Amino acid sequence: MIELLTSLGQWFRPYQYQTALAIIATILVLFGNDINGALKHMIRKQHFVVRTLVFIVVCAFGYGLLTVWLTALLAKQLSSIPTVYIVPSVVLIFVVLGIYAQKQRHI
């Protein structure tokens, strides 16, 4: 079993950045409504133009910056996981995110 997990881990290593991106994108999808709701609550009394500009800045630059920064951070953390545990760890992360999405009725 250890040999199989090690082989899978070695195969997986070149794709850990893409996996980190998929995890971060999933997290942003799951929590995007909460982030937008909090932002909407903070700027609801502002003029339409201000609300629109804030929305554009947050969506275009805020989420983009979060995606790039958090992906690099998570990819670095994934690289510190031993090869034998990397695939089970990634599967566990996606299972936990899926369970959370189910409980929050996202799926």
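A word on the ground rules before we look. This is a predicted model, in which local features need pLDDT of at least 70 and side-chain atom pairs count only at pLDDT 80 or more, while totals for chains, interfaces and linings use all residues. Residues are numbered from 1 along each chain as its sequence is written, and side-chain values use heavy atoms, with hydrogens and water left out.

Let's start with the overall picture. The chain has four helices and zero strands, and reading along the sequence gives the pattern α-α-α-α. The chain is more spread out than a compact globule, because its radius of gyration is 18 Å, well over the 13 Å that the globule rule gives for 107 residues. For the record, that radius is taken over C-alpha atoms, and the rule is 2.2 Å times the number of residues to the power 0.38. Helices here are DSSP runs of H or I with at least four residues, strands are runs of E with at least two, and both are numbered from the N terminus.

The C-alpha trace spans about 60 × 30 × 15 Å along its principal axes. Of the 107 residues, 24% count as buried; buried means under 20% relative accessible area, exposed means over 50%, and partly exposed is in between, with a 1.4 Å probe and protein chains only. The chain exposes about 7,700 Å², and carbon and sulfur atoms supply 71% of that. Those areas come from the Shrake-Rupley method with a 1.4 Å probe, and for residues only the protein chains shown count as cover.

Now, how do contacts run along the sequence? Among those between residues at least 6 apart, 84% join residues at least 24 apart, where contact means heavy atoms within 4.5 Å.

On to the helix pair. Helix α2, residues 16-43, packs with helix α3, residues 48-79, at an angle of about 145°, and their axes are 8 Å apart. Axes are lines fitted to C-alpha atoms, for helices over the stretch in contact, and angles run from 0 to 180 degrees between N-to-C directions. The residues of this α2 and α3 contact divide into 18 nonpolar, six polar and one charged. In that scheme Ala, Val, Leu, Ile, Met, Phe, Trp, Tyr, Cys and Pro are nonpolar, Asp, Glu, Lys and Arg are charged, and the others, Gly among them, are polar.

Let's zoom in on helix α3. Is Thr-71 buried or exposed? Thr-71, which lies in α3, is buried, with a relative accessible area of 1%. Leaving aside neighbours within four places in sequence, Thr-71 contacts Tyr-17, Ala-20, Leu-21, Ile-24 and Leu-66.

Thr-67 is also found in α3. With neighbours within four places set aside, Thr-67 is in contact with Leu-21, Ile-24 and Leu-28.

Val-58, another residue of α3, is partly exposed at a relative accessible area of 22%. Not counting residues up to four places away, Val-58 touches Leu-39 and Tyr-63.

Finally, Phe-61 in α3 counts as exposed, at 58% relative accessibility. Thanks, and I'm happy to go back to any view.
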